Amino acid sequence: MTDLTARMLDLGRRARAAAAALREAPAAARTRALALLAEKLKAAEPALLDANARDVEAARASGMAEAQIDRLLLTPARVEGMAQAVATIAAVPDPLGVETERWTPANGLDIARVRTPIGVLGVIYESRPNVTADAAALCIRSGNAAILRCGSDCLQSSLAIAALIAEALAEASLPADAIQLVDTPDRHAVGLMLTGLDGAIDVIVPRGGKSLVARVQAEARTAVLSHLEGLNHTYLHRSADLETARAIVLNAKMRRVSVCGATETLLVDRAAAQHLLPPIAADLIAAGCELRGDAEAQALVPGMVPAVESDWLTEYLAPMLAVRIVEDMDAAVDHIARYGSGHTEAIVATDQAAAERFASKIDSAIVLINASTQFADGGEFGFGGEIGISTSRLHARGPVGAEQLTTYKYVVRGQGQIRP
C-alpha cells in the first residue's frame, strides 16, 4: 500500500466517523458552524486573497486561458459573495428530520417518510475556490460529511478556506473531520476516491469540465451525481420584444462566459430574425463576442464566422456564440433535443401561451421564460448555493442545494401489529 493510498483510506475512515456524529448533531450546532464560517471568511479576506494570488500567478505561468483564470480568481467582492452564500445557507430551513409525507394504510401502521443525510460525499472539482466553501456549507447544512478534492490550480486558495471550515466546525463542537480537503495535487487521489475508499464514500459529485465528468462516470464504483456540460440555448420566439431580447441575450452570453449557465447557442425564429438579430448581434460584437452563424444568420450579420456542425455541440465557456435561424418553435425544440445537454434552456416571448408550450416541450433540468440562462444557479434559486447542477433524472435534477443532498427513510410506528 502506498503512502497516498493509506492517507486517502484514513480520510475515508475519519469522514465516515464524522458523518455518524454529524447525523446526530442538532440543527442549531450546524447552523452555528455555518454562521461562524461566514464570519471567518470575511475576516480572513486578506489571507484568502494572498493565497489566491499565488494560485493565479502559477496558473498564468502555466499558460492558463483568461476565461479559466476568471473562474479561479478571488476578489474582495467574490470573497464577500462567498461569505454571504454561506450565511444564506445557514438561514435555509434545516432539511433533516422533515417529514415529507405521512399516512396510515388499512393495516393501521403510521408511516412517515423522513429526510436523512446521504452520508459521505466525495466532491471533485476544478479551478473555482468558492466551491470549497459552497460544498462544505451545503454538506454541513444537510448533515453530510465530505471529502473535497479541488483542482491543483486552486489548491492554495482551497487550503486556506478549508482551514477556516475546520475552525468553524470545532468551535461549534462538531467534528472537524466532517469536511476534509485532499491536500495533494497528485491525480492518483482522484482515482482512489472513485474506488469509494473502501466503502467510505456514498456518492461522488464531480464539478468541472467534460473530461473530468466523463472520467468520473466511467470509473466511479459508487453512485455519481453530476452534469455533463452546460450546452445551453436561448430561443427568440417571433413574438419576442426587441429590447427585452437584447438585454437577456447579452447577459446570458457575456455576464460571465465561463459559468455553466452561459448561453452557447442562440436560436432565432425566421419570421423575426431580420428585426431581432442585427441589433442583438451588434451588442454582442461590441462586447467582444465572436459569432458563428448558419448561412441565414450570416446574411443578416455580415462578417459573422460560418458555423460548422461542431459549433452546435460546443460548450465554449468563452466569448463565442453559435447562432442559427429556425423555422419555428418546433424546429428550435428539435435543435435543442439533438444538440443540447439537458442543462438549461430559455425562451424570450411576449406570447405567453407559446412560452408555456416551449416550457412543456423542453426536457432539460431548467427552463426559463423571459430570463437569462445565467440564473441557472442554486444561489439565485434561493438555495444559498449549490454543489452543482444535475442533469440526471434520478434523485436530484437542476441546482443541488442542501435539500437535494438528503435521501429519506421510512419511520413506521405500530401498536403491536403482526402480519397475517
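Predicted model: local features only at pLDDT ≥ 70, side-chain atom pairs only at ≥ 80, totals over all residues.
Q: How many disulfides does the structure hold?
A: A disulfide is a pair of cysteine sulfur atoms within 2.5 Å. The structure holds 0. Cys-139 is in none; the nearest cysteine sulfur, that of Cys-150, is 15 Å away. Cys-154 is in none either; for Cys-154 the nearest cysteine sulfur, again that of Cys-150, is 4.1 Å away.

Q: Is Cys-154 buried or exposed?
A: Buried means under 20% relative accessible area, exposed over 50%, partly exposed in between (1.4 Å probe, protein chains only). Cys-154 has 0% relative accessibility, so Cys-154 counts as buried.

Q: Where is empty space left?
A: Rolling a probe the size of a water molecule over the atoms shows this. On a 1 Å grid over the protein atoms alone, a cavity is a set of points where a 1.4 Å probe fits but cannot get out. The search finds 1 cavity of 30 Å³ or more. The largest cavity has a volume of about 60 Å³. Strand 6 gives the largest share of its lining, 3 residues.

Q: Which residues form the nonpolar patch on the surface?
A: Trp-103, Tyr-408, Tyr-410 and Val-412 form the patch. Trp-103 is partly exposed, with a relative accessible area of 31%.

Notes: Residues numbered from 1 in each chain as written. Heavy atoms only, no water. Patch = residues over 30% accessible without salt bridge, like charges linked within 9 Å, V, L, I, M, F, W, Y side chains within 5 Å. Areas by Shrake-Rupley, 256 points an atom, 1.4 Å probe, with all protein chains shown as cover. Salt bridge = Lys/Arg side-chain N within 4 Å of Asp/Glu carboxyl O. 1 Å grid on protein atoms, 1.4 Å probe; cavity = no way out; pocket = protein on both sides within 12 Å on 5 of 7 lines; lining within 4 Å. Points joined across faces, edges and corners; volume = space filled by probe spheres on them. Helix = DSSP H or I, 4+ residues; strand = E, 2+ residues; numbered from the N terminus.
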